[in-house]
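Please look through the structure shown here before reading on. The text walks through a few strands and loops in turn.

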Amino acid sequence: MTACAIEPAAANDENGEDGDGEIGNGDGETPRTERALTEDGETPRTGYVVTEDGSVPRTACVITVDGSYAARLARGGDSWFPERWTLDGPEPYAVPLPGNQPEEPGTEVQPMGDGRVLIRRFADGRHTFSLLYPTGPRTGELPLGAIECPEEGTVLRLLPPAPGGEKAYALAVGPLSSAVWLVAGGAFGPEHLAQVPGRCSGGVWLDRAGRMLALDRETGGRTKAVVVDLERGGEVSPLLQIADGSDDRLLLADPDSGLLLISSDAPSPGRPRLGWGVLGSTLPVRFPECLRVADCTLTPFAIQPGQVLVPESCGVALRVDGPAGSWVGVWRPAARQVQHLAAPEGWLAGAGLWTEDGELLLPYATAQAPCGVARWTAAPGDGAFAGEAEGPGGTGATGAGDAGPEGSEGGGGAAARSPEPDPPEPVVARPVPLQQAPLGNLVTK
């Protein structure tokens with residue numbers, strides 16, 4: 001069992017001069033980017049946490065579900081400090097949020113929907129949580145409390161941003177069980193919500209209400225994706241059950257269309273493959289052959305929202321890691337090819353956002369443009385992408401078309417569709433486990 005104790009929040013404390021406690025939302029703020037990067041544009045990489053061992057690359061930048069804000073650890077000289085990006089204005093800009101002392105490289109940050117930045121620090125066996133916000137030249141800090149996990153081997157990390165941006169969650173993984181915590185947005189500091197038997201990883205939200213959370217649970221030597229209902233006391237139900245002896249993980253989900261991107265070694269035991277299915281569907285998961293690129297790992301990081309009832313038309317952005325580095329792949333379930341795109345220089349690899357009208361946004365940072373966003377738009381007809389970069393310091397070209405590894409398959413998918421005006425609110429059904437048997441004819445090209 002995962003044993004964690006709650007410590008109450010301290011009094012409100014600000015680093016430096018007293019402020020009025022108001023949350024910065026971009027109005028009247030002066031963008032501060034002078035300490036955003038070292039001269040070589042280096043950004044923090046938190047390593048790999050789907051590869052053969054079931055891990056996925058963790059991104060150096062976290063974006064809110066609605067795309068308004070982003071946050072990351074930036075580097076100035078030998079020091080790390082939190083940085084908030086504002087993305088919903090006429091031009092993206094960054095605001096450094098340094099504290100009284102440099103942050104550790106493993107510190108986690110996450111943007112909230114109101115512009116504040118949640119930070120998780122670890123020291124002396126305690127995970128402390130605070131909300132950071134700009135107050136003139138200083139950084140305001142609102143302590144939220146702490147969680148202590150005395151059980152040896154327990155690891156705690158933030159879960160991906162929740163829909164709505166008002167709450168934030170963390171997952172504490174112990175030797176025999178995992179705990180889901182509400183760490184921001186509660187009434188009295190960190191709140192224990194659910195205890196899940198088994199070691200859990202991942203974390204994907206299945207609805208717009210922030211109620212249904214999918215986790216990849218390891219029990220008995222196998223990993224299966226399950227659903228945790230946070231409004232039913234953490235009730236756990238199965239989600240992916242492809243084969244008895246397979247490892248089945250959920251990588252990404254879109255609540256509007258129900259599109260799921262999964263990793264499973266069911267079609268080729270011992271070798272994870274990317275596949276897709278539809279939430280609540282009884283149809284089998286498909287494993288397109290085009291999602292296999294020699295000597296490369298493909299990790300989905302963004303799905304086009306708003307495509308209600310038409311999951312096959314959703315655009316999916318893929319991070320492609322290979323011998324030549326990292327670049328971007330774009331794919332749709334209705335297509336038979338992946339379009340490879342050259343990532344913008346300084347891309348915060350694995351970070352990005354789709355808009356409902358089919359535009360793919362990729363954040364990047366260089367010495368010349370410490371806060372920039374490359375925008376890719378699907379051309380009508382063939383669906384081929386072209387893009388441009390925007391941000392302080394210039395508008396460097398990002399490339400387009402079939403840029404990628406030598407000999408890689410390019411080609412366009414279906415053209416991006418604009419959403420219907422005022423689409424009906426999707427009905428969130430209780431997830432139905434995705435089954436497939438036999439596997440013989442389910443690997444598609």
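The model is predicted.

Begin with strand β17, which spans residues 222-229. Of its 8 residues, 7 are buried, so the strand is largely enclosed by the rest of the structure. Here a residue is called buried when its relative accessible area is under 20%.

One partner of β17 is strand β16, made of residues 212-219. The two strands run antiparallel and are joined by 8 bridges. To find one of these pairings, look at Met 212, whose bridge partner in β17 is Asp 229. Together β16 and β17 form a hairpin, with 2 residues between them. Gly 220 lies in that turn and has a positive phi of about 60°.

Another partner of β17 is strand β18, residues 235-238. This pairing is also antiparallel, and 4 bridges hold the place of contact between β17 and β18.

Where does a residue have a positive phi although it is not a glycine? Asp 295 is such a case, with a phi of about 60°. Asp 295 sits in the loop between β21 (273-278) and β22 (297-303). Its relative accessible area is 68%, and because exposed means over 50%, Asp 295 counts as exposed.

Leu 309 is another non-glycine residue with a positive phi, in this case about 70°. Its place is the loop between β22 and β23 (316-322). Is Leu 309 buried or exposed? With a relative accessible area of 74%, Leu 309 is exposed.

The last stop is Thr 154, in the loop between β10 (138-148) and β11 (155-158). Thr 154 has a relative accessible area of 15%, which is under the 20% limit, so this residue is buried. What does the side chain of Thr 154 reach? It reaches the backbone oxygen of Glu 151, at 3.1 Å. Thr 154 is thus a loop residue that is buried, whereas Asp 295 and Leu 309 are exposed.

Definitions and conventions: Residues numbered from 1 in each chain as written. Predicted model: local features only at pLDDT ≥ 70, side-chain atom pairs only at ≥ 80, totals over all residues. Heavy atoms only, no water. Buried < 20%, exposed > 50% of the residue type's maximum accessible area, 1.4 Å probe, protein only. Pairing = 2+ DSSP bridges. Polar contact = N/O pair within 3.5 Å; in protein donor to acceptor, adjacent residues only side chain to side chain.
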